[in-house]
Amino acid sequence: MVLEEIETSLIMWFSYALIPCLLVDGVAVLPAPQNLSVQSTNMKHVLTWGPVIVPGEIIHYSVEYQGEYESLYMSHIWIPSSWCSPTQGPECDITDDITATVPYSLRVRATLGSLTSAWSTLKHPFNRNATILTPPGMEITKDGFHLVIKLEDLGPQFEFFVAYWKREPGAKEHVKMVRHGGIPVHLETMEPGAAHCVKVRTFVKAIGRHSAFSQTECVKVQGETLPLALALFSFVGFMLILVAVPLSVWKMGRLLRHSCCPVVMLPDTLKITNSPQKLISCRREEVEACVAAGLSSEELLRAWI
Amino acid sequence: MQAQCVSLCLLGAMVFLCSAHARGLRRCVISMDMRRIEESFRGIKNAIQAKDTFQNVTILSTSETLHSIKPLDVCCVTKNLLAFYVDRVFKDHQELSPQILRKISSIANSFLYMQKTLQQCQEQRLCHCSQEATNATRIIHDNYDQLEVRSAAIKSLGELDVFLAWIDKNHQGTSAASRQET
């Protein structure tokens, strides 16, 4: 408890001791940020500077810019940066501020409450045509025989020049211009058995500069075996169809016949098992027997009368 | 002897005409993406045009000036109108809103870059100014001078879309082809 109190008062005395350092002629000032520089890669520009350190305090920074137009015609006009007025970190993405291919002056100052530092200006104005252009990333895929490329999305300022060729002596190099990255693009239909190679570079119209070409990548599609396998499968399939179609037609015919004209089965008692001639000769004998039986009853009747 | 002289003169005249025609074909084209500048202007167009109090007057006078410009005069008129905006309009306009100031700065600096590009054409003598081109520029300056400075500046800013569309239409073409060859 006592130790904590001593610690707090030490911190307070230390902070108060710093105040004379920040005072010049009785007026409190903040040191200006130093070592301003711009790093620019693929049209993304970042301004960085050495941070101003005041222990226990959070320093804010303001960034302002001035294009060549302002520096020539209205030098008193400085425009606050879109994203960094104010900002905390000792860096600022000024891509949205640098919108023309002319030299831009940049300046930064630190603020702490009501205290502000002097402006610190970039030593040499920055022109975006000095950006470092790197070879773009690319993804080559085969979609059957189709050669498809997908390029890195570097934003609307970038166009891509894709060079592709068949890897054989005397082959002609083709060039295709792709306006946007991030979307698969069909390059050509490949011939089986031959390798096809691709390389790409970017072009930025705003600064009239190309990047270097990317590493060449080559792909190959399978040659003889694929058509053979296809032929085999096709033959087997054809034979199956040749057998299956008549079979199914016959089956369908039978089904239709049974559904339209069904065959009714006789019960066993009505089934005639003997031959027709025998049946007729049997019947004749029965009739004679019946007739004989009929006469004897008539004679009987006369005898009574 | 006389016949030889005449034929030599005729040949010389033909060569001269052909070279003049070829020079006209080698047009001075600004190779830049106008869409970015048009986008910047679209963001502030309504705010700028709302401040224009003289709706019945036009400074660019497109029917008298821009629509009647021949292909050979495009470079000269573009150069003159860029100078008109850079030297007069942007300077005469006082903008307080930081958002609008950013867009106007973007357009002004882009115009400065376009002037530098055309400067190269001038050095190659591809940017000759005919009487028609000079007259068209004079009409625009006269229109601007007839209004009070602030009103004239705001009106000219409001007509930027007309100028940008005219540049886009007249400066298309050879840039992509020449890039592929390199």
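# Exercises on a predicted two-chain model

Chain B holds 8 helices and 0 strands, where helices (H or I, at least four residues) and strands (E, at least two) are DSSP runs numbered from the N terminus. The model is predicted, so local features need pLDDT of at least 70 and side-chain atom pairs count only at pLDDT 80 or more, whereas totals for chains, interfaces and linings use all residues. Residues are numbered from 1 along each chain as its sequence is written, chains are lettered from A and ligands numbered from 1 in the order in which they are written, and side-chain values use heavy atoms, with hydrogens and water left out.

## Exercise 1: the helices of chain B

Task: describe the order of elements in chain B, and work out how H3(B) and H7(B) are oriented to one another.

Solution. Read from the N terminus, the elements of chain B run α-α-α-α-α-α-α-α. Of the 182 residues in this chain, 46% count as buried, a term that stands for under 20% relative accessible area, with exposed meaning over 50% and partly exposed in between (1.4 Å probe, protein chains only).

For the pair in question, two packed helices are described by the angle between their axes and the distance between the axes. The axes of H3(B) and helix H7 (residues 160-170) of chain B come within 11 Å and cross at roughly 150°; these axes are lines fitted to C-alpha atoms, for helices over the stretch in contact, and angles run from 0 to 180 degrees between N-to-C directions. H3(B) is therefore roughly antiparallel to H7(B), since angles under 35 degrees count as roughly parallel, over 145 as roughly antiparallel, 65 to 115 as roughly perpendicular and the rest as oblique. The crossing of H3(B) and H7(B) is left-handed, which is the name used if the near helix is turned anticlockwise from the far one by less than a right angle, with right-handed used if clockwise.

## Exercise 2: the disulfides

Task: find how many disulfides the whole structure has, and compare the handedness of the B:Cys75 to B:Cys127 bond with that of the B:Cys76 to B:Cys129 bond.

Solution. A search over all chains finds 4 disulfides, each being a pair of cysteine sulfur atoms within 2.5 Å.

In chain B, a disulfide joins B:Cys75 to B:Cys127, with an S to S distance of 1.8 Å. The torsion about this S-S bond is about -100°, so the disulfide is left-handed. Because B:Cys75 lies in helix H3 (residues 74-92) and B:Cys127 in the loop between helix H4 (98-123) and helix H5 (131-146), the pair ties together parts of chain B that are 52 residues apart in sequence. Both B:Cys75 and B:Cys127 are buried.

The sulfur atoms of B:Cys76 and B:Cys129 are 1.9 Å apart and form another disulfide, whose torsion of about 100° makes it right-handed. This pair likewise links distant parts of the chain, with B:Cys76 in H3 and B:Cys129 in the loop between H4 and H5, 53 residues apart. B:Cys76 is buried, with a relative accessible area of 0%, whereas B:Cys129 is partly exposed, at 29%.

In chain A the disulfides follow the pattern 1-2, 3-4, counting bonded cysteines along the chain. One of them joins A:Cys84 to A:Cys92 at an S to S distance of 1.9 Å; its torsion is about 100°, so it is right-handed, and both of its cysteines are buried.

## Exercise 3: strand pairing in chain A

Solution. The open sheet of 3 strands has the order E3-E4-E7, with antiparallel pairing; two strands pair if DSSP finds at least two bridges between them. Neighbouring strands are turned by 15° against each other on average, direction ignored. Strand E4 (residues 44-50) pairs with E7(A) over 3 bridges, and the bridge partner of A:Val46 in E7(A) is A:Asp93.

Further along, strand E11 (residues 138-143) of chain A is joined to strand E12 (residues 146-151) by 6 antiparallel bridges, with A:Glu139 opposite A:Lys150. Their hairpin has 2 residues between the strands, and A:Gly144 takes a positive phi near 70° there.
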